[in-house]
Structure formats: structure tokens, C-alpha cells
Amino acid sequence: MTSENELPSDGDTGLDGWIGRSQTQDDVIDGVRARRLQATLDDPFPPLELGDALPPLWHWAYFWEQTRNSELGPDGLAIGAGMLPPVDLPRIMWAGSRISFPAELRIGAEATRRSTILKISEKQGRSGRLCFVTLRHEVFQKDQLCVDEEMDVVYREAAKRDDALPEGGTAPQEADWSRKLTPDPVLLFRYSALTWNSHRIHYDRDYVMGQEGYPGLVVHGPLLATLMLDQVRRQMPAARVTDFTFAARRPVFDISAFTVAGAREGSSAAVWVADSAGMLAMEGSAGFEV
């Protein structure tokens, strides 16, 4: 795997200087990682082989950033060393993405991902100061665009005593399918390993409870999104997902079960994750063709 960065100019060291920063990475969509992700997700389908299509969102297990340990921050993230700018806010989360899949990625073939920072904006929310960073990731195989994603990352202030979790709203009650899952540290460890995610909120209980004020380990946002599309795949194995949009509403922790559900609406499906209290943790919409 190789990568190449285009860095901000020396004359512009503020956050605006990071807009337009780009990175190009090469990787092979190998079957080993795909099959290990199948095992992690308890995938019911036959083992993926060379030439098979990679299921949607599984590209997140590829294109690892080769960040040195010395470049990681106290939370385990590479702030200012990789693609993420050095915002002076200590908590960070993946807020959502808008993704299209013009073509299928094939297992066994080389692929290239081009990443660009599109915009950076700051605002004042109910929980304090926020900073949003939007990146675009384009994944190609043989010059064919296969994945086109806009990803939103949000930085937040440090946890305060008696901070309440985002409300999220009540999850939908009517679903065509649902699956209840009980997360545990093993699931979170395996997904972190497969996606080269060293963010300590997913595996270091002392850190996440003591420093970030959460009641347990945080279930990865991209894992929840992957599970939402995994249910679409299980319900409609012949369908090909063409686009997917999701937004995180409320964190999910490893201390209780959550439910992944969905409802078909013609050539699309509404999908969502509800926590153990029935609150909406993540919602999305998937378009597909049969």
C-alpha cells in the first residue's frame, strides 16, 4: 500500500489552509480482510473469493493510513498527521456520510483512493463549540470510479460533569425487518483492527469513561452504518446498493443491546439503529437496484 499527501502551504497554517488538502492511497482489495470482516459481522453468505464484489461500505477496511505511534494524540487519533486537521477541540466523531456506488469494487484487484478536505466550518451548538470537517473520498479500480463519498467529522468540547447524551428522538416503531445485537469488547476490537482504528473510545474503558465521560465503550459509527446495509443485503441478496446516506444521532455503547431495523420503500429502504431505550441512534436511506 502506498500513499501520497499534498500538504497545506507553509504560508497558511490556520484551518483554512487545510481546505483542499489531498491524499492518494493505493491498496489491494484482498480477500483476507474481506473474509475476516465476514467473520466479524457473522455474515451468513459463502466466503468471498477473488473476483467477487466487495459488499458496500466494506471499503472502510482498506486504505489504512501509515501513521507512526509518535504522531498519535492522547485519544489515539492522528490529528494533524493524517487527513484530519489539528482542531483545538478534544472529542471527535464521525457524524455521517453521503455515498454513491457507481460500480462494484472487486476482490483481488488493486484500487486507489483519492481523499480531499472540502470544507471546514465552526458553529455554536447546545453542547458548546463545534467544528465540522467534510472530506471527499473517491475509490477507483482500473480508472473506474466505484465509491464516491462525502464524510462529515465533528469535533466537540471536552466532556463536562452531568453532560446529557444527545436526545436523538424516538426510533420508528414499524419495520419490515429488525435484528437485535449485543455488542461486546471483542466485536469492537475486531472491527477496530480491521479498519486500523486506534481511537481509544472503542477499546479503552478507563479512558472513555474517565476522560470522555461516556458510560461505556463507544460502538463505531461506521460499524453501525455497515450493519444497517448488512441487513439490506440479508433481506435482498440480489439487490445492488447504488447510494447510501446516514447520520449519527446518539452514541451506542457496549453496555446494552441495540436494534438494527429497516423498511423498504420501493427502490429504496429507510434504515436505522435504535438503542436499548428505543432512542434513534443512527438513521439512513439506501437506494438499490434489483
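Colleague: How much space lies in the largest cavity?

Modeller: A cavity is a set of points, on a 1 Å grid over the protein atoms alone, where a 1.4 Å probe fits but cannot get out. A volume is the space filled by probe spheres set on the points, which are joined across faces, edges and corners. Here, the largest cavity holds about 30 Å³, and a search of the whole structure finds 1 cavity of 30 Å³ or more. The model is predicted, so local features need pLDDT of at least 70 and side-chain atom pairs count only at pLDDT 80 or more, whereas totals for chains, interfaces and linings use all residues. Residues are numbered from 1 along each chain as its sequence is written, and side-chain values use heavy atoms, with hydrogens and water left out.

Colleague: Which residues line the largest cavity, and how do they divide into nonpolar, polar and charged?

Modeller: A lining residue has an atom within 4 Å of a point. Around the largest cavity these are Pro55, Pro56, Trp58, Thr226, Leu229, Asp230 and Arg233. Ala, Val, Leu, Ile, Met, Phe, Trp, Tyr, Cys and Pro count as nonpolar, Asp, Glu, Lys and Arg as charged, and the others, Gly among them, as polar. On that basis the cavity lining has 4 nonpolar, 1 polar and 2 charged residues.

Colleague: What is the volume of the second largest pocket?

Modeller: The second largest pocket has a volume of about 910 Å³. Of its 32 lining residues, Ser127, Arg156, Leu165, Pro166 and Arg249 are the closest to its centre. The classes here are 15 nonpolar, 4 polar and 13 charged. β3 gives the most to this lining, with 3 residues.

Colleague: Which residues have the most contacts inside the largest nonpolar core?

Modeller: A nonpolar core is a set of buried Ala, Val, Leu, Ile, Met, Phe, Trp, Tyr and Cys residues joined through side-chain atoms within 4.5 Å. The largest has 73 residues, and Tyr155, Phe244 and Val273 have the most contacts inside it. The largest share of this core, 7 residues, comes from α4. A second, separate core of 7 residues includes Ala171, Ala270, Trp272 and Leu280. Contact means heavy atoms within 4.5 Å; leaving out residues up to four places away in sequence, valine 273 touches several residues, among them Leu224, Met228, Phe258 and Met282.

Colleague: Does aspartate 275 count as buried or exposed?

Modeller: Buried means under 20% relative accessible area, exposed over 50%, and partly exposed in between (1.4 Å probe, protein chains only). Aspartate 275 counts as buried because its relative accessibility is 13%. Its place is in the loop between β10 (268–274) and β11 (280–289). A polar contact is a pair of N or O atoms within 3.5 Å; within protein, one must be able to donate a hydrogen and the other to accept it, and residues adjacent in sequence count only if both atoms are side-chain atoms. Polar side-chain atoms of aspartate 275 lie 3.0 Å from the backbone nitrogen of alanine 277 and 2.9 Å from that of methionine 279.

Colleague: Where is phenylalanine 63 found, and what is its phi?

Modeller: Most residues other than glycine have a negative phi. Phenylalanine 63 has a positive phi, near 60°, and is found in the loop between α1 (31–40) and β3. Phenylalanine 63 is buried, with a relative accessible area of 3%. Tryptophan 196 also has a positive phi, about 55°, but is partly exposed, with a relative accessible area of 48%.

Colleague: Which residues of α1 are buried?

Modeller: Gly31, Arg33, Ala34, Leu37, Gln38 and Thr40 are buried in α1. The buried residues of α1 pack against β2 (22–28) and α2. At the start of α1, a side-chain oxygen of aspartate 30 reaches to within 3.1 Å of the backbone nitrogen of valine 32. Aspartate 42, which follows α1, has a positive phi near 55°.

How values were computed
On a 1 Å grid over the protein atoms alone, a cavity is a set of points where a 1.4 Å probe fits but cannot get out, and a pocket is an open set with protein on both sides within 12 Å along at least five of seven lines; lining residues have an atom within 4 Å of a point. Helices (H or I, at least four residues) and strands (E, at least two) are DSSP runs, numbered from the N terminus.
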